Amino acid sequence: MSGERILIVEDHQALLDAVQEVLESNDYVVLSATNGLEALQVMEETPPDLIIADIMMPLMDGYALYEAVRS
């Protein structure tokens with residue numbers, strides 16, 4: 001089960017770093033973005049197996065990201 005790609009979308013750098021550290025210590029490949037627009041760009045290059053996203057972010061919030069991913 002190790003090696004799955006998880007995309008974390010979080011604008012608070014300390015929280016992003018903490019979650020990334022926990023996931024990487026459990027053998028997940030972690031991709032990161034600080035807003036929804038950046039997340040969409042990351043996903044074009046490397047599709048994740050799972051997305052963990054904040055709701056309140058600049059430029060594109062979590063709800064808009066959800067809609068963009070679903071379409």
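1. Which residues make up the largest nonpolar core? Leu7, Val9, Leu31, Ala33, Ala39, Val42, Met43, Met57, Met60 and Leu65 do, 10 residues in all. A nonpolar core here is a set of buried Ala, Val, Leu, Ile, Met, Phe, Trp, Tyr and Cys residues joined through side-chain atoms within 4.5 Å. Strand 1 (5-9), strand 2 (29-33) and helix 2 (36-45) each supply at least two of its residues. Helix 2 gives the largest share, 3 residues.

2. This is a predicted model: local features need pLDDT of at least 70, side-chain atom pairs count only at pLDDT 80 or more, and totals for chains, interfaces and linings use all residues. Numbering runs from 1 along each chain as its sequence is written, and side-chain values use heavy atoms, leaving out hydrogens and water.

3. Leu7 touches (heavy atoms within 4.5 Å) Leu31, Ala39, Val42 and Met43, among others, not counting residues up to four places away in sequence. Another core, of 5 residues, lies apart from the largest one and includes Ile6, Leu16, Leu23 and Val30.

4. Helix 2 and helix 3 (residues 62-70) have axes that come within 9 Å and cross at roughly 30°. The two helices are therefore roughly parallel (angles under 35 degrees). Gly36, Ala39, Leu40 and Met43 in helix 2 meet Leu65, Ala68 and Val69 in helix 3. The residues of this contact divide into 6 nonpolar, 1 polar and no charged; Gly counts as polar.

5. Tyr28 sits in the loop between helix 1 (13-25) and strand 2. Tyr28 is partly exposed, at 27% relative accessible area (buried is under 20%, exposed over 50%, partly exposed in between, with a 1.4 Å probe and protein chains only).

Definitions and conventions:
Helix = DSSP H or I, 4+ residues; strand = E, 2+ residues; numbered from the N terminus. Axes fitted to C-alpha atoms, helices over the stretch in contact; angles between N-to-C directions. Parallel < 35°, antiparallel > 145°, perpendicular 65-115°, else oblique.
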